[in-house]
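Open the model in a viewer and keep the selection tool ready.

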Amino acid sequence: MKSNLRKKVIELRKKESSESIIAKSKKISDVLLSLEEVKQASTIMLYLDFNNEVKTDYIVNSLISLGKKVLIPITIKESKTLIPSQIKDLKSEVEIGTYGIREPKQEFVRVKEIESIDVLVVPAVAFDINKFRLGYGGGFYDRFIEKLKPDSITIGLAFELQVFDSIPKENHDAQLNYVITEKRVIR
C-alpha cells in the first residue's frame, strides 16, 4: 500500500518541469518565511532537496542572512538516524552524501543538539490533510521528530500533487503542525 503510493507520487513529481518546480518552490518558500513561528525561531533545521522535492536553497540562504542558526541533516544509514549540523554557507560547505543527498563536508560538520531546534522542516513523498507524512520508508524523520522538544514546530513542504485526503499510516508516524503547498497552508 505505502510502496505503491510512494512510487505513484514520485512518478508524478518526476513529470513536473523544472520551471514549474522552481516557481512553486518559490511560492512555498515565501509562505514558510512569513510564518510567525519561523520568524520567532532562532534554530531551524531543513532538508536539502533532491529528486524534484520542494527546493530549499532559497529558504536556507534567506534564514542564514536573517541571522538564524540553520541546521541540515547528516544521514547515518546504519542506525537510520539524522544528525543535525549547522551550516553557514550553502555554496562552499556541502557535498553529495548518503543517498545522493547534499550534506556538510567533513570539515564543516558542526553537530548541534536536537533539543535546540525550534522549527523542523521535513520532506516527504506524500502528505494527507491531517498533516501526516509518507516518507521514503526509512523512518529517519519519524524517529527524529520523537526526540524534538515538545514545543518544536514541524512543517512539511509539498507540491499540491503530493497531498491526499488520507495516506496509509502506522502508530509511529508523526503528525506535523503544518503542511505548506503552493496553494495552501494546512494547519
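A residue counts as buried when its relative accessible area is under 20%. The model is a predicted one, and residue numbers start from 1 along the chain.

**Strand E9**

Select residues 153–157, which make up strand E9. How many of its residues are buried? The count is 5 of 5, and the strand is mostly covered. Show the side chains: Ile153, Ile155 and Leu157 point one way from E9, while Thr154 and Gly156 point the other way.

**Glutamine 86**

Move to strand E3, residues 81–87, and pick glutamine 86. Is this side chain's residue buried or exposed? Glutamine 86 has a relative accessible area of 12%, so it is buried. Leaving aside residues up to four places away in sequence, glutamine 86 touches Lys69, Val70, Leu71, Glu93, Phe108, Arg110 and Lys112.

**The aromatic pairs**

Now show the aromatic rings; there are 2 aromatic pairs. For one of them, select phenylalanine 50 and tyrosine 136: the centres are 6.2 Å apart and the planes form an angle of 50 degrees, a tilted pair. Phenylalanine 50 sits in the loop between strand E1 (43–46) and helix H4 (57–65), and tyrosine 136 in the loop between strand E8 (133–134) and helix H6 (140–146), so the pair ties together parts 86 residues apart in sequence. Phenylalanine 50 is partly exposed at 22% relative accessible area, and tyrosine 136 is partly exposed at 35%.

For the other pair, select tyrosine 99 and phenylalanine 140. Their ring centres are 6.1 Å apart and the planes are at 80 degrees, so this pair is edge-to-face. Tyrosine 99 belongs to the loop between strand E4 (94–96) and strand E5 (102–104), and phenylalanine 140 to helix H6, so parts 41 residues apart in sequence are tied together. Tyrosine 99 is partly exposed, at 43% relative accessibility, whereas phenylalanine 140 is buried, at 12%.

**Last stop**

Lysine 77 lies over the face of tyrosine 99, 4.8 Å from the ring centre.

How values were computed. Predicted model: local features only at pLDDT ≥ 70, side-chain atom pairs only at ≥ 80, totals over all residues. Heavy atoms only, no water. Phe/Tyr/Trp six-rings, centres within 6.5 Å; stacked < 30°, edge-to-face > 60°. Helix = DSSP H or I, 4+ residues; strand = E, 2+ residues; numbered from the N terminus. Buried < 20%, exposed > 50% of the residue type's maximum accessible area, 1.4 Å probe, protein only. Lys NZ or Arg CZ within 6 Å of the ring centre and 35° of its normal. Contact = heavy atoms within 4.5 Å.
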